[in-house]
Structures are given as structure tokens and as C-alpha cells.
Amino acid sequence: MTGNQTFTIIKPDAVKSEYIGAILADIQKAGFAISALKYVRMTVAQAEAFYGVHKERPFFPDLVTFMTSGPIVVAILKHDNAVEEYRKLIGATNPANAAEGTIRKKYAHNVQENAVHGSDSDENAAIEGNFFFSQCERF
Ligand code: ATP
Ligand code: MG
């Protein structure tokens, strides 16, 4: 059975480029309902914990620096088969490989500054949503 929620981040590059409104509009136009939403800035310790699965990767230190370089928008999104459908909407990790019309194709700068995050499994969607939101912040 597939889950009906996923978790997303509008990353610091997209916030700095003033794409918050455009990206949220694309998300809603694609039929995702916003279940939780807020504007925050992660500490280094929080970013290291959030991206813990990548800690052995060569790009990890740069990723933590980037993700803590400014504020982000975090959200829980609802849709049938949400994880897979949202990853289709955002496109490939590297915007050079992302399909036309996808969020990363439209708004990402490069493989690191790639505008948005999307959960890669139902299990991680739940973990990531719980990392940022308490029960009274989600509807
Ligand atoms: P995300 O988890 O942000 O939705 P993803 O699942 O498409 O992206 P991951 O492999 O989980 O990609 O990588 C997490 C993030 O690390 C990427 O979104 C990107 O910001 C950064 N990243 C991934 N690969 C590279 C790379 N080769 N060089 C620099 N940064 C990278
Ligand atoms: Mg990922």
C-alpha cells in the first residue's frame, strides 16, 4: 500500500531567488494539498541530523553548509501515492537531467542548489514530517 503524504523543503537557493510563491502554486496546481507549512532556518546540527543518511557522501559538508545558508520553507503534502507523484513533479536531482515542466527544471540552479527536496519513501516522509512538525501544526 502506498501512503498519501510526502514532505518537501523549498531550499535556500529557491527562497533567495523569490520562488516560494511560484513553487507553492505549482504544487497546488498539481493537486497536492498542503497539510502543514512553515518558514524556518536549520542549525548545522539539525541539517546534519536531517541529512544523516548522506553523512559518508563526499558532498555532505557542502550540503549542510548550503542547507543552513538561509531560511527554507518546509511542508507536508497530501496526494494519492504522494511520494512517487511528488518526485515526478520535482524531476531529477540534477536539473540538467530534469524533465521539461518539472519544478527542478524551472527553478533549480545545479545539482546541489536544486530548489526543492522530496521524500524518497513513505517511511522517510513520516520521519521528515515529524522532524519539523508537531501534532497541532498539521491538518
Ligand atoms: P532530495 O533528497 O533533496 O529530495 P534527491 O533525493 O533527488 O534530493 P539525494 O541523493 O537524496 O537526491 O541527495 C540529497 C541532496 O544532496 C540533493 O538534493 C542535492 O542537494 C545534494 N546532492 C546530491 N548529489 C549531489 C552531488 N553529486 N553534488 C552535490 N550535491 C549533491
Ligand atoms: Mg533524497
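Predicted model: local features only at pLDDT ≥ 70, side-chain atom pairs only at ≥ 80, totals over all residues.
## A buried tyrosine between two helices

Let's start with Tyr-51, which is found in the loop between helix H3 (44-50) and H4; helices (H or I, at least four residues) and strands (E, at least two) are DSSP runs, numbered from the N terminus. At 6% relative accessibility, Tyr-51 is buried, where buried means under 20% relative accessible area, exposed over 50% and partly exposed in between (1.4 Å probe, protein chains only).

Residues are numbered from 1 along each chain as its sequence is written, chains are lettered from A and ligands numbered from 1 in the order in which they are written, and side-chain values use heavy atoms, with hydrogens and water left out.

Phe-60 belongs to helix H4 and is buried, with a relative accessible area of 12%.

Thr-68 lies in the loop between helix H4 (60-67) and strand E3 (72-78). Thr-68 is buried too, with a relative accessible area of 12%. A polar atom of the Thr-68 side chain is 2.8 Å from the backbone oxygen of Val-64. The Thr-68 side chain also reaches the backbone oxygen of Thr-65, at 3.2 Å. These are polar contacts, meaning pairs of N or O atoms within 3.5 Å; within protein, one must be able to donate a hydrogen and the other to accept it, and residues adjacent in sequence count only if both atoms are side-chain atoms.

## Where ligand 1 sits

Ligand 1 sits in the largest pocket. On a 1 Å grid over the protein atoms alone, a pocket is an open set of points where a 1.4 Å probe fits, with protein on both sides within 12 Å along at least five of seven lines; a molecule sits in it if more than half of its atoms lie within 2 Å of its grid points. Around the ligand are 14 residues, the closest being Lys-11, Thr-93, Gln-112, Asn-114 and Gly-118, with a residue counted if one of its heavy atoms lies within 4 Å. This shell divides into four nonpolar, six polar and four charged residues. Here Ala, Val, Leu, Ile, Met, Phe, Trp, Tyr, Cys and Pro count as nonpolar, Asp, Glu, Lys and Arg as charged, and the others, Gly among them, as polar.

Oxygen atoms of the ligand take part in several contacts. One lies 3.0 Å from a polar side-chain atom of His-54. An oxygen atom of ligand 1 is 2.9 Å from a side-chain N or O atom of Asn-114, and an oxygen atom is 2.9 Å from a polar backbone atom of Gly-118. Taken alone, ligand 1 exposes 580 Å², and the protein buries 80% of that (Shrake-Rupley method, 1.4 Å probe).

## Loops with something to notice

Glu-18 has a positive phi of about 65° although it is not a glycine. Glu-18 is in the loop between helix H1 (12-16) and helix H2 (20-29) and is exposed, with a relative accessible area of 71%. Asn-81, in the loop between E3 and helix H5 (82-90), also has a positive phi, near 50°; at 23% relative accessibility, Asn-81 is partly exposed.

Key: 1 Å grid on protein atoms, 1.4 Å probe; cavity = no way out; pocket = protein on both sides within 12 Å on 5 of 7 lines; lining within 4 Å.
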